[in-house]
Amino acid sequence: MPTVTPSSTRPHAGRLAFVLGSGGVRSIAALGIASRLAREGIRPDLVVGCSSGALFGAQIARGMHGEDAVLVATSLWSAELTQQRRWRSYLQLIAPKLAGFGAGFALRDDRLIAERITNAFGDVRLEQLPTPLRVAATDAATGEPVVLTQGRLVDALRASMAVPILFPSVAIDGRRLVDGVLSDPLPIAAAADARVVVSLGFQGSMPRRVDRLSRMVAQTSTTLINNLMRARTDAAQAAGQKVIAIDLDLNRHIGLWDTAAMPYLFEAGWRAAEARLLDIVAALEAAQAPARELIFID
């Protein structure tokens, strides 16, 4: 069984990626995972995120850890972000031709989201982050997955979180982009160049009863998303990539916007990373093995 060696004596870890899926406020557990691994000298060479995973992944890519990161996160994820109504949208629903209903329709305004992201990160660009960040979004016109690696961070995050109907799409490089969860809820494929992947994904819960249309829609969409997540993970492993999935041990239900649970989720991420620490170290050491052999041959 591998042992956890001090960071000062541990060999270079090779290319490690954190892949963070969409999970609402639960995605903040990624900060706990990153903080626990950083304590052992393990830091990602790459961060890939989708929706809320991209939002909190941006903090990791910026080098934010610990309690300070949780404090910043409370401003980035709060229920009031979804309460900025676009009153014109109700007229567009009632009289679509008169009010000009179109592809840019949204029930909510996302300017407050843009303001909060800018306050947290400034006007930084993706290519300027200390750790590379790849943000998963979806092309609204074609449905194809899009991975953003350059451009303004605030635009990339807005696009990745732009839930159709709720928030407006975001125009980047001539494309209308929306929530990445529609095409790749756990974007492991965007980290195909990483030797080891530590992933944090969230399986959706199926409705207990299907007694109304909304629950039937939820059942269908949850089935699609869960199967897509599993397919992405299976494909990466079949290609020879080492994927270490982090599972949170949560003993209570946590709502999508339950910001009061953030410290609890941070600790859950810390504990989950600790539980898989030996596996992560072993994977990183195995990823370095070929390089050591080449050195010996020379």
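A: The second largest pocket has a volume of about 300 Å³; a pocket here is an open set of points on a 1 Å grid over the protein atoms alone, where a 1.4 Å probe fits, with protein on both sides within 12 Å along at least five of seven lines, and its volume is the space filled by probe spheres on those points. This is a predicted model, in which local features need pLDDT of at least 70 and side-chain atom pairs pLDDT 80 or more, while totals for chains, interfaces and linings use all residues. Residues are numbered from 1 along each chain, and side-chain values use heavy atoms, without hydrogens or water.

Around this second largest pocket stand 15 lining residues, and Gly 201, Phe 202, Gln 203, Ile 246 and Asp 247 are the ones that lie nearest its centre; to count as lining, a residue has an atom within 4 Å of a point. Strand β7 (196-200) and α8 each supply at least two residues of this lining, with α8 giving the most, 3 residues (helices are DSSP runs of H or I with at least four residues, strands runs of E with at least two). By class, the lining of the second largest pocket holds 8 nonpolar, 4 polar and 3 charged residues, where Ala, Val, Leu, Ile, Met, Phe, Trp, Tyr, Cys and Pro count as nonpolar, Asp, Glu, Lys and Arg as charged, and the others as polar.

The largest share, 10 residues, comes from α8, and the lining as a whole divides into 26 nonpolar, 14 polar and 3 charged residues.

The other helix in that lining, α2, also meets neighbouring helices. Phe 56, Gln 59 and Ile 60 in α2 meet Ala 30, Leu 31 and Ala 34 in α1 (contact means heavy atoms within 4.5 Å), and the residues of this contact divide into 5 nonpolar, 1 polar and no charged. Towards α3, Leu 55, Phe 56 and Gln 59 in α2 meet Ala 69, Val 72, Ala 73 and Leu 76, a contact made up of 6 nonpolar residues, 1 polar and no charged.
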